[in-house]
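Hi everyone, thanks for making time for this. Let me put the structure up on the screen, and then I'll walk you through the parts I'd like us to look at together.

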Amino acid sequence: MSKKIFAIFGNPVSHSKSPLMHNLAFQGLNFNGCYGRYRLEEGKNLKEKFFELNLKGINITVPHKEFAYTACDILDPFAKKVGAVNTIVEKEGKLYGYNTDAPGFLKAISEFKEIKTVLFLGAGGTAQSTSTILREEGYEVTLLNRSEGRLEKFKTQGFETYTFDTFKPKAYDLVINMTSAGLEDDALPAPLDILEQVIPLAKACVDVIYGKETPFLKLSKSYNKPFKDGSDMLLYQGIIAFEYFTAELYTFDNIKSHMQKAFIL
Ligand code: NDP
């Protein structure tokens, strides 16, 4: 079998852990593949670059997930529903698109038991796919965002939505930071007085940002709440993408045993 080449497309992309994660799994499982990174400036060039680089599959990160959706010939039903693709596999010249962020996220929060109501802080692209899968799984998702604009789409889909001005704090089982607040700054995702009312009532708190303790996680910790960052979400979306890349040749746990080493290296 000739070597199969994979990559992550994004802009920026230099910080991505995906090449290390996938290459560790290729090596550990003895799969003849390698995985690189490509800074794609224009999303509309995605398909052309994919074939020019002779790739077998890619992951797509910010800001190209919607472009990736439009580049696919065949869409998985869930990716079609949410309008965002983060994994593409080439089969016989056709591009198949999937969204593995959402199932990865679902698995990451599955360790928290007896969760019914979930408060999302943020209403961006990641909130779109994850809120959809959570609702399909029977969770009740409410969205709280600093501005009105992005909430419109969620409102039309029947989600309960609030801005900081309209929100009336009450108990939610799980509170999740879905924003980029805390990623490159020390910002909280919502005003402190709101967080100080919802966090104490929560069973657990989650941040989708990984690799650092954000102000949101610090605050959750100060209330002794069980919490987790976005590392498991990143790992699990990668494992599910790897299953697609390798046509489900390996089990989830087998892939995990190799891929998770990327988080200690
Ligand atoms: P988007 O750009 O689509 O949305 C950003 C959201 O954050 C908006 O709701 C925006 O509000 C809000 N926001 C940004 N800054 C602030 C702030 N200072 N205070 C309050 N709200 C703020 O981003 P994505 O949905 O693509 O990504 C969101 C987060 O998810 C990022 O931190 C990203 O790193 C993380 N992520 C993690 C993954 C993982 O595997 N762990 C995978 C994918 C994403 P507004 O509408 O008002 O602008």
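Let me start with a definition: buried means under 20% relative accessible area, exposed means over 50%, and partly exposed is in between, with a 1.4 Å probe and protein chains only. Now the housekeeping: this is a predicted model, where local features need pLDDT of at least 70, side-chain atom pairs count only at pLDDT 80 or more, and totals for chains, interfaces and linings use all residues. Residues are numbered from 1 along each chain as its sequence is written, and side-chain values use heavy atoms, with hydrogens and water left out.

Cysteines, to begin with. C205 counts as buried because its relative accessibility is 0%, and C72 is buried too, at 12%. How many disulfides does a search of the whole structure find? The search returns 0, where a disulfide is taken as a pair of cysteine sulfur atoms within 2.5 Å.

Next, the ligand. There are 24 residues around the ligand, and those that come nearest are T126, N145, R146, S147 and R150; a residue is near a molecule or strand if one of its heavy atoms lies within 4 Å of it. For polar contacts, the rule is a pair of N or O atoms within 3.5 Å; within protein, one must be able to donate a hydrogen and the other to accept it, and residues adjacent in sequence count only if both atoms are side-chain atoms. From R146, a polar side-chain atom lies 2.8 Å from a ligand oxygen. G230 uses its backbone instead: a polar backbone atom there is 3.0 Å from a nitrogen atom of the ligand. L234 also takes part through its backbone, with an N or O atom 3.4 Å from an oxygen atom of the ligand. Taken alone, the ligand exposes 940 Å², and the protein buries 81% of that. Accessible areas here come from the Shrake-Rupley method with a 1.4 Å probe, and for residues only the protein chains shown count as cover.

Let's move to N99. Where does N99 lie? You'll find N99 in the loop between β6 (94-98) and α5 (101-109); helices (H or I, at least four residues) and strands (E, at least two) are DSSP runs, numbered from the N terminus. N99 is buried, as its relative accessible area is 5%. A polar atom of the N99 side chain sits 3.1 Å from the backbone oxygen of A84, and the N99 side chain also reaches the backbone nitrogen of D101, again at 3.1 Å.

Because 7 of the 9 residues of α5 are buried, α5 is largely enclosed by the rest of the structure. Among the buried ones are D101, F105, L106 and I109.

Now for the charged pairs. The search of the whole structure finds 12 salt bridges, each one a side-chain nitrogen of Lys or Arg within 4 Å of a carboxyl oxygen of Asp or Glu. One of them joins E90 and K56, at 3.4 Å from N to O. That pair links distant parts of the chain, 34 residues apart: E90 is in strand β5 (residues 87-91), and K56 is in the loop between α2 (46-52) and β3 (57-60). E90 is buried at 15%, whereas K56, at 21%, counts as partly exposed.

K228 is buried at 9%, while E111 is partly exposed at 47% and D232 is partly exposed at 22%.
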